[in-house]
Amino acid sequence: STNDDGTPSVESASSGAKFYIDMANCDDSHKNCTTVQIYAGFTTTKKLTLDQVNDWNSKHRFATLYLDKDQDPWVEMDVNFEGGLPRANFEDSLGVWFALLSDVQALANP
């Protein structure tokens, strides 16, 4: 699909967690995008503390965890395509994302 500004977007899921891939830094025709942002949010009954979020961020290099206005966790990861990105590298990046997403699921819903 596309976002409100016309840039391409993908909705997917892994292990029951919905996530989104938004294309970014695209040309005026919303093509030839040079980065993507992958993100997911969770609604939790037991809210995470800022200490838990900071601890998670200190241990995970490729993604950032934060709390929204309702204290629900969101995780984001950026992938840079500038200059090209071999398929194997993108598949590896998705593997990293799936592992990070699983870690956040375990933290958010113990």
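Predicted model: local features only at pLDDT ≥ 70, side-chain atom pairs only at ≥ 80, totals over all residues.
Residues are numbered from 1 along each chain as its sequence is written, and side-chain values use heavy atoms, with hydrogens and water left out.

Select the strands (DSSP runs of E, at least two residues, numbered from the N terminus). Five of them form an open antiparallel sheet in the order β1-β2-β3-β5-β4, where pairing requires that DSSP finds at least two bridges between two strands. At the edges, β1 (9-14) and β4 (64-67) each pair on one side only.

Next, select residues 17-24 and 35-41, which are the antiparallel strands β2 and β3, joined by five bridges; Asp 22 has Gln 37 in β3 as its bridge partner.

Now select residues 87-108, helix α2 (helices are DSSP runs of H or I, at least four residues), which packs on the sheet and touches β1, β2, β3, β4 and β5; contact means heavy atoms within 4.5 Å.

Finally, show the largest nonpolar core, which has 22 residues, with Ile 38, Val 75, Trp 97 and Leu 101 having the most contacts inside it. Such a core is a set of buried Ala, Val, Leu, Ile, Met, Phe, Trp, Tyr and Cys residues joined through side-chain atoms within 4.5 Å, buried meaning under 20% relative accessible area (1.4 Å probe, protein chains only). Helix α2 gives the most to this core, with six residues.

Note on methods. Axes fitted to C-alpha atoms, helices over the stretch in contact; angles between N-to-C directions. Buried < 20%, exposed > 50% of the residue type's maximum accessible area, 1.4 Å probe, protein only.
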